[in-house]
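Good morning, and thank you for joining this meeting.

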Amino acid sequence: MAIHPAHRHPAAQPDARASRTRTARHACAWLALAWAGAVLAQSPTAAPTGKPAPGEFERATGKTPGAAPTTAPALSSPLPAGAGTAMPSGVASGSGAGYHSPNSPIAPLPQRNDVVPWSVLTDLTKKTTKDGILPVFNDAQKGMDKTTQRIQGFMVPLDAKPTQTHFLLTSVPMTCSFCTPGGPESMVEVKAKTPVRYSLEPVVVEGKFTVLPNDQYGLYYRVVDAVPVK
């Protein structure tokens, strides 16, 4: 009996060739993209050319070309002389009382006589050890340790809720969600006994004040069992 080769559908061979062609094209495309990426990675970045877009200078600097420099508003509660102004030359960012931009839509803290002045909290020195940069508290700060105190500041929420039981109070408002306004001396951690509603306006709390000589999170001050105060 004659043995015939297996029957093959006439369209099978063209389909196979088409599949191989598509595969080759895809491979070539990926190689071209990879080559282009390598060239771009090794090429120096060209400097931007052309004139800046209208308003770009103002958005980047908060100033108008040729305008006289503005003076930052005096921060209340109050801060030490020279604090709350532009960072002086040679001082690392993330230090000091922070900077309240004169262009901020949020008003500075109002003057109150029943709260701890930020000038007291920010007036400290620091030392560098193997554990990091640690605060050196003065007598006034040590004297407040484990006493009931009132703190006024701007709330930095640590939870996505309308009311907060764990948050920070800072001497100046935050400029963005990822930036702290000043150094650790410009903020106080608050653990509230009574939830405090989040607000862009200044917040005042009263609770047990503690100084933190070597906190694992790098904080210098904490208030626990805090309650909101009008």
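Which residues do ring pairs link into a cluster? Ring pairs join F137, F209 and Y221 into a cluster. Before I go further, please note that this is a predicted model, in which local features need pLDDT of at least 70 and side-chain atom pairs count only at pLDDT 80 or more, while totals for chains, interfaces and linings use all residues. Residues are numbered from 1 along each chain as its sequence is written, and side-chain values use heavy atoms, with hydrogens and water left out.

Let me stay with the rings. Searching the whole structure gives two aromatic pairs. In one of them, the ring centres of F137 and Y221 are 5.7 Å apart and the planes stand at 50°, so this pair is tilted. This pair connects distant parts of the chain, with F137 in the loop between β2 and α4 (139-144) and Y221 in strand β7 (residues 221-228), 84 residues apart. As to the terms, rings of Phe, Tyr and Trp (its six-membered ring) pair if their centres lie within 6.5 Å; planes under 30 degrees apart count as stacked, over 60 as edge-to-face and the rest as tilted. Both F137 and Y221 are buried. Buried means under 20% relative accessible area, exposed over 50%, and partly exposed in between, with a 1.4 Å probe and protein chains only. Helices (H or I, at least four residues) and strands (E, at least two) are DSSP runs, numbered from the N terminus.

In which sense do β1 and β2 pair? Strand β1 (residues 125-129) and strand β2 (residues 132-136) are antiparallel, with five bridges; strands pair if DSSP finds at least two bridges between them. A hairpin of two residues connects β1 to β2, and K127 stands opposite L134 in β2.

Next, consider T122, which belongs to helix α3 (residues 118-122). T122 counts as buried because its relative accessibility is 11%. A polar atom of the T122 side chain lies 2.8 Å from the backbone oxygen of W118. A polar contact is a pair of N or O atoms within 3.5 Å; within protein, one must be able to donate a hydrogen and the other to accept it, and residues adjacent in sequence count only if both atoms are side-chain atoms.

Is Q164 buried or exposed? With a relative accessibility of 1%, Q164 counts as buried. Q164 is part of strand β4 (residues 163-170), and a polar atom of its side chain is 2.8 Å from the backbone oxygen of K161. Beyond its neighbours within four places in sequence, Q164 is in contact (heavy atoms within 4.5 Å) with residues including M155, L158 and V196.

L158 itself sits in the loop between β3 (147-157) and β4, and counts as partly exposed at 46% relative accessibility.

Finally, some backbone angles. Most residues other than glycine have a negative phi. K146, however, is not a glycine and has a positive phi of about 65°. K146 is found in the loop between α4 and β3, and counts as exposed at 55% relative accessibility. D225, in strand β7, likewise has a positive phi, near 55°. At 48% relative accessibility, D225 counts as partly exposed.
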